Amino acid sequence: MANSFSTLFPSFFVVTFIITTFFLFSTTAETHRFVRTISPTTLGLDSQEKLTHLHFFFHDVVRGRNQTAVRVAAAPATDKSPTQFGAVVMMDDPLTESAEPGSKVVGRAQGMYASASQTELGFLMVMNLAFTEGKFNGSSLTVLGRNTVISAVREMPVVGGSGIFRFARGYAQAKTRSIDVSEAIVEYNVYVFHY
């Protein structure tokens, strides 16, 4: 019995080694198919990045006939909170060239904001700035960040984009121009690197 074990052991070791080697090499081969380095020009991107400044006005209407923002969720204690902590609002707000509500619409802010602070009016903003005019028509930027509404100027990161704004990164500065019980008008200056 011991003699047959000693003759089988080297064979078992060799077979195990071959199978392990096969799996290691097949995993490495799959990795090479999964990841590869390419030139930006293969995707039609220029080799030089551009820095673009966009300036527009955001109109958030929370009441009335032309409502563009709707509360869709709240915590049981939201209405008792001075900051409306836990409220979630979906929005489809027009972006315009000037602060006047009737000025030319250049896009939409589509996404949501949620009251994320118990001590101050601070929103988690998750929105796509979808542009509908000029050379940026059909392109969008994605903003994800903290918006402390009472601050004079708030800064939020631009984390990506689509269309002309593929591989975008930058920041958006928001400044409240006017606010009342039914509407907030916010001035945006957006600075974004893109190809």
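Predicted model: local features only at pLDDT ≥ 70, side-chain atom pairs only at ≥ 80, totals over all residues.
Student: Why is P94 called buried?

Tutor: Buried means under 20% relative accessible area, exposed means over 50%, and partly exposed lies in between, with a 1.4 Å probe and protein chains only. P94 has a relative accessible area of 16%, and therefore it counts as buried.

Student: Where is P94 placed, and which residues is it in contact with, leaving aside neighbours within four places in sequence?

Tutor: P94 is in strand β3, strands being DSSP runs of E with at least two residues, numbered from the N terminus. With contact meaning heavy atoms within 4.5 Å, and with those neighbours left aside, P94 is in contact with F57, F58, H59, T68, V105, G107 and R108. The C-alpha atoms of P94 and F58 are separated by 6.1 Å, although the two residues are 36 apart along the chain.

Student: What makes the rings of F58 and Y188 a tilted pair?

Tutor: Rings of Phe, Tyr and Trp (its six-membered ring) pair if their centres lie within 6.5 Å, and planes under 30 degrees apart count as stacked, over 60 as edge-to-face and the rest as tilted. The centres of F58 and Y188 are 5.5 Å apart and the planes are at 45°, so the pair is tilted. This pair links distant parts of the chain, with F58 in strand β1 and Y188 in strand β9, 130 residues apart. Both F58 and Y188 are buried.

Student: Why are Y113 and F123 called tilted?

Tutor: The ring centres of Y113 and F123 are 4.9 Å apart and their planes are at 40°, so this pair is tilted. Y113 lies in strand β4 and F123 in strand β5, so the pair ties together parts that are 10 residues apart in sequence. Y113 and F123 are buried.

Student: What makes a set of residues a nonpolar core, and which members of the largest one touch the most other members?

Tutor: A nonpolar core is a set of buried Ala, Val, Leu, Ile, Met, Phe, Trp, Tyr and Cys residues joined through side-chain atoms within 4.5 Å. The largest has 29 residues, of which L129, L141 and Y188 touch the most other members. The largest share of this core, five residues, comes from β5. In soluble globular proteins, nonpolar side chains tend to be buried together.

Student: How many nonpolar, polar and charged residues are in the lining of the largest pocket?

Tutor: On a 1 Å grid over the protein atoms alone, a pocket is an open set of points with protein on both sides within 12 Å along at least five of seven lines, and lining residues have an atom within 4 Å of a point. About 660 Å³ of space lies in the largest pocket, a volume being the space filled by probe spheres set on the points. Of its 29 lining residues, the closest to the centre are D60, V62, V89, Y113 and F123. Ala, Val, Leu, Ile, Met, Phe, Trp, Tyr, Cys and Pro count as nonpolar, Asp, Glu, Lys and Arg as charged, and the others, Gly among them, as polar. By these classes the lining has 16 nonpolar, seven polar and six charged residues.

Methods: Residues numbered from 1 in each chain as written. Heavy atoms only, no water. Helix = DSSP H or I, 4+ residues; strand = E, 2+ residues; numbered from the N terminus. 1 Å grid on protein atoms, 1.4 Å probe; cavity = no way out; pocket = protein on both sides within 12 Å on 5 of 7 lines; lining within 4 Å.
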